Amino acid sequence: MATFQFNLVSPEKLLFTGEVSQVDVPGSEGFFGVLAGHAPFVTTLRPGILVMYREGGAQRVAVSGGFAEVSDAGLTVLADVAVPVDDVNREAFAGFVKEAEDAAAAAPEGSQRDKLNLRAAQLKELQASLAS
């Protein structure tokens, strides 16, 4: 299978750079897969599990927020948070989900509450993905 360049960057560090055969990304409009020769585009990320496929198998990374850019040079993901699934502290993450739910419940009715409810729902979905 053809490969392409993939870069996964968080504010703390460059998590991965190298050749991959496929990357599945949690985009704001849903998951999308990238293969070599994919059409260029830019999108935002939502909380979810990014999966990169390379020689030696698949690697799963929990991401939360950020951007993805597919270009002729490959795929670059700039994630607000990116942690290998095996390194996620599930108890700490459960507390983070609870805080998001509490913030949504405490917000006044309107668009801000809607945004907070969406964020809490996305984090709960990520939490369920981490459990599987």
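Me: What percentage of the 132 residues of the protein count as buried?
Reply: This is a predicted model, in which local features need pLDDT of at least 70 and side-chain atom pairs count only at pLDDT 80 or more, while totals for chains, interfaces and linings use all residues. Residues are numbered from 1 along each chain as its sequence is written, and side-chain values use heavy atoms, with hydrogens and water left out. Buried means under 20% relative accessible area, exposed over 50%, and partly exposed in between (1.4 Å probe, protein chains only). Of the 132 residues, the share that counts as buried is 39%.

Me: In what order do the elements of the protein run from the N terminus on?
Reply: Helices (H or I, at least four residues) and strands (E, at least two) are DSSP runs, numbered from the N terminus. The protein has two helices and eight strands. From the N terminus on, the order is β-β-β-β-β-β-β-β-α-α.

Me: Why is the protein as compact as a globular protein of that length?
Reply: The radius of gyration is taken over C-alpha atoms, and the globule rule is 2.2 Å times the number of residues to the power 0.38. For 132 residues the rule gives 14 Å, and the protein counts as that compact because its radius of gyration is close to this, at 16 Å.

Me: Which aromatic pair links distant parts of the chain, strand β1 with strand β2?
Reply: Rings of Phe, Tyr and Trp (its six-membered ring) pair if their centres lie within 6.5 Å; planes under 30 degrees apart count as stacked, over 60 as edge-to-face and the rest as tilted. A search of the whole structure finds two aromatic pairs. One of them is tilted, with 5.9 Å centre to centre and 35° between the planes of F6 and F16. Strand β1 (residues 4–9) and strand β2 (residues 14–20) are linked, ten residues apart, by F6 and F16.

Me: What kind of pair do the rings of F32 and F41 form?
Reply: F32 is buried, with a relative accessible area of 15%, whereas F41 is partly exposed at 28%. The ring centres of F32 and F41 are 5.1 Å apart and their planes lie at 70°, so the pair is edge-to-face.
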